[in-house]
Amino acid sequence: MNNISLIILASGFSRRFVSNKLLYEFHGKKLIEYTFDKASAFLDVIVVTQYMEIKEMAESLGYHVVMNDHPEYGQGHSIALGVGACQNNACILMVADMPYLKLDTLREMVSIQDGKHIVICEYNGILCNPMLLPKRYYDRAKQLCNDKGAKQIIGDDTYLTVSLLEEEFMDIDEKTEAI
């Protein structure tokens, strides 16, 4: 996945979780480590975070880190920061709390991308993370500064989809889910 950057969005507050869920142990390793394991398939990985421990973990793996000094501006701001640091012709925007997401799903997204269309995952007709953005959408992404996420970039444009399995669709929002 040479010419596609993976942007990991790891700046959230984990309000429902009460503590930083990405550092919470989940089936023997920290939740963020599942994401980092998949990231190793990419040559260019950008991690957007507000947390020093995640920064240090990411840098130890050779990933580029962008510190988010204003996480209160929402996920859109994290996306804008990540895309602003991207030098490749396409990037995948991926939240860091989907431990069941399969690397094969990311590979499928890369395999169907054509440089023109956004590629987004869907589950039962619901558009969801992750999303692949061709470079032509970077300017729109860099304008985001809210908590609505990347779906608002699509607008009326045509997009391609990759279907998620039910377990891939699950993210971890509460400690009871992480036990």
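Which hand does the crossing of α1 and α2 have, left-handed or right-handed? The crossing is right-handed. This structure is a predicted model. The protein chain holds eight helices and nine strands.

**Overall build**

- Of the 179 residues, 49% count as buried.
- Take the contacts between residues at least 6 apart in sequence: 70% of them join residues at least 24 apart.

**Helices α1 and α2**

- Two packed helices are described by the angle between their axes and the distance between the axes.
- Helix α1 covers residues 31–39, and helix α2 covers residues 52–60.
- Their axes come within 12 Å and cross at roughly 30°.
- That angle makes α1 roughly parallel to α2, because angles under 35 degrees count as roughly parallel.
- From α1, the residues in the contact are Ile 32, Glu 33 and Phe 36.
- They meet Ile 54, Met 57 and Ala 58 of α2.
- By type, the contact has five nonpolar residues, no polar ones and one charged.
- An α-helix has 3.6 residues a turn, so residues three or four places apart point the same way.

**Helix α3**

- Helix α3 runs over residues 75–84.
- Seven of its 10 residues are buried, so α3 is largely enclosed by the rest of the structure.
- The buried residues are Gly 76, His 77, Ser 78, Ile 79, Ala 80, Gly 82 and Val 83.
- Their cover includes the strands β1 (4–10), β4 (44–49), β6 (90–95) and β8 (126–134).
- Helix α5 (138–142) is also part of that cover.

**Backbone details**

- Asn 129 and Pro 130 are joined by a cis peptide bond, with omega about -10°.
- Pro 130 lies in strand β8, and β8 is among the elements that cover the buried residues of α3.
- His 27 has a positive phi, near 50°, and is a residue other than glycine.
- The loop between β2 (25–26) and β3 (29–30) holds His 27.
- His 27 has a relative accessible area of 57%, so it counts as exposed.
- Asn 124 also is a residue other than glycine with a positive phi, near 50°.
- Asn 124 sits in the loop between β7 (118–123) and β8.
- With a relative accessible area of 66%, Asn 124 is exposed.

Definitions and conventions:
Residues are numbered from 1 along each chain as its sequence is written. This is a predicted model: local features need pLDDT of at least 70, side-chain atom pairs count only at pLDDT 80 or more; totals for chains, interfaces and linings use all residues. Side-chain values use heavy atoms; hydrogens and water are left out. Axes are lines fitted to C-alpha atoms, for helices over the stretch in contact, and angles run from 0 to 180 degrees between N-to-C directions. Helices (H or I, at least four residues) and strands (E, at least two) are DSSP runs, numbered from the N terminus. Angles under 35 degrees count as roughly parallel, over 145 as roughly antiparallel, 65 to 115 as roughly perpendicular and the rest as oblique. A crossing is left-handed if the near helix is turned anticlockwise from the far one by less than a right angle, and right-handed if clockwise. Contact means heavy atoms within 4.5 Å. Ala, Val, Leu, Ile, Met, Phe, Trp, Tyr, Cys and Pro count as nonpolar, Asp, Glu, Lys and Arg as charged, and the others, Gly among them, as polar. Buried means under 20% relative accessible area, exposed over 50%, partly exposed in between (1.4 Å probe, protein chains only).
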